[in-house]
Amino acid sequence: MRQTTIAIALVPLAFAVSASGLAQTSADTAGKKAPSVQTSESQGGMTPASALEKLKKGNARFVEKNMKSRDWLAKVSATAGGQYPFAVILACMDSRAPIEIIFDQGIGDIFGIRIAGNIVNDDVLGSMEYATKVVGSKQLVVLGHTSCGAVKGAIDDAKLGNLTGLLAKIRPAVSVSGPGSAKDDAYVNKVVQANISQAMKEIREKSPTIKAQLDAGTVGLVGAIYDVSTGKVTFLPD
Ligand SMILES: [Zn+2]
């Protein structure tokens with residue numbers, strides 16, 4: 001009985017959300033604020049620099065406890081017909097680094113590619129090519145983070161099933177960082193940074209599609225590190 005009551009209560013709510021989404025494309029006569037989502041026009045008006053600025057401002061809001069208040073279901077409705085994300089973020093799968101939250105972004109704003117150790121492979125490159133060349137995203141970010149377990153595993157040369165091959169992709173970053181221990185936070189973060197540089201290098205070298213867009217200046221590529229103890233994202237110099 002209780003289930004039935006809830007179901008009935010949800011019907012008008014769903015209708016209200018749908019009506020709210022429609023308000024974005026027509027005059028909002030009800031006076032309610034229309035949900036702000038990325039559109040073809042808003043995305044087309046952005047540059048790599050403005051996309052990067054948007055991410056920086058979003059993380060600043062997150063760190064300052066000043067995140068935007070969002071009507072999530074209204075955004076679901078407003079983005080149902082298409083998506084125009086302005087950035088693509090290759091991040092680690094780490095549960096402490098959820099990208100939409102730490103950059104204070106909503107539904108339809110950013111493409112997220114998440115995999116342990118934010119490593120690059122052909123499928124990651126294919127996803128980035130789709131996001132930039134087909135959908136029009138302006139900024140690529142390789143986001144590593146402090147205390148990365150995948151990086152620690154690579155330092156320790158850990159072996160486990162399919163994980164072995166994944167960690168092997170991080171090993172070059174360990175090699176260029178010289179000797180060190182996974183128990184040394186400073187060393188781990190040094191490898192994290194080298195791993196980001198490695199990923200950025202691979203993106204440029206292994207994807208002619210992305211390289212052409214980078215050379216033309218229509219897409220940007222930047223590295224960044226998320227600090228799991230402060231919530232702050234530090235963007236790395238070129
Ligand atoms: Zn990680």
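Student: In which sense do strand 1 and strand 2 pair, and over how many bridges?

Tutor: This is a predicted model, in which local features need pLDDT of at least 70, side-chain atom pairs count only at pLDDT 80 or more, and totals for chains, interfaces and linings use all residues. Residues are numbered from 1 along each chain as its sequence is written. Strands are DSSP runs (E, at least two residues) numbered from the N terminus, and two of them pair if DSSP finds at least two bridges between them. Val-88 has Phe-111 of strand 2 as its bridge partner, and strand 1 and strand 2 (residues 110–114) pair in the parallel sense over 5 bridges.

Student: Which residue in strand 3 stands opposite Leu-90?

Tutor: Strand 1 and strand 3 (residues 139–145) run parallel, joined by 5 bridges. In strand 3, the residue opposite Leu-90 is Val-142.

Student: In what order do the 5 strands form the open sheet?

Tutor: The pairing in this sheet is mixed. Its edge strands, each pairing on one side only, are strand 2 and strand 5 (233–235). The order is 2-1-3-4-5.

Student: How many residues of strand 1 are buried?

Tutor: A residue is buried if 20 or more other C-beta atoms, placed from the backbone, lie within 10 Å of its own, exposed if 12 or fewer, and partly exposed in between. Ala-87, Ile-89 and Ala-91 are buried on one side of strand 1, and Val-88 and Leu-90 on the other. Strand 1 (residues 87–91) is largely enclosed by the rest of the structure because its buried residues number 5 of the 5.

Definitions and conventions. Helices (H or I, at least four residues) and strands (E, at least two) are DSSP runs, numbered from the N terminus.
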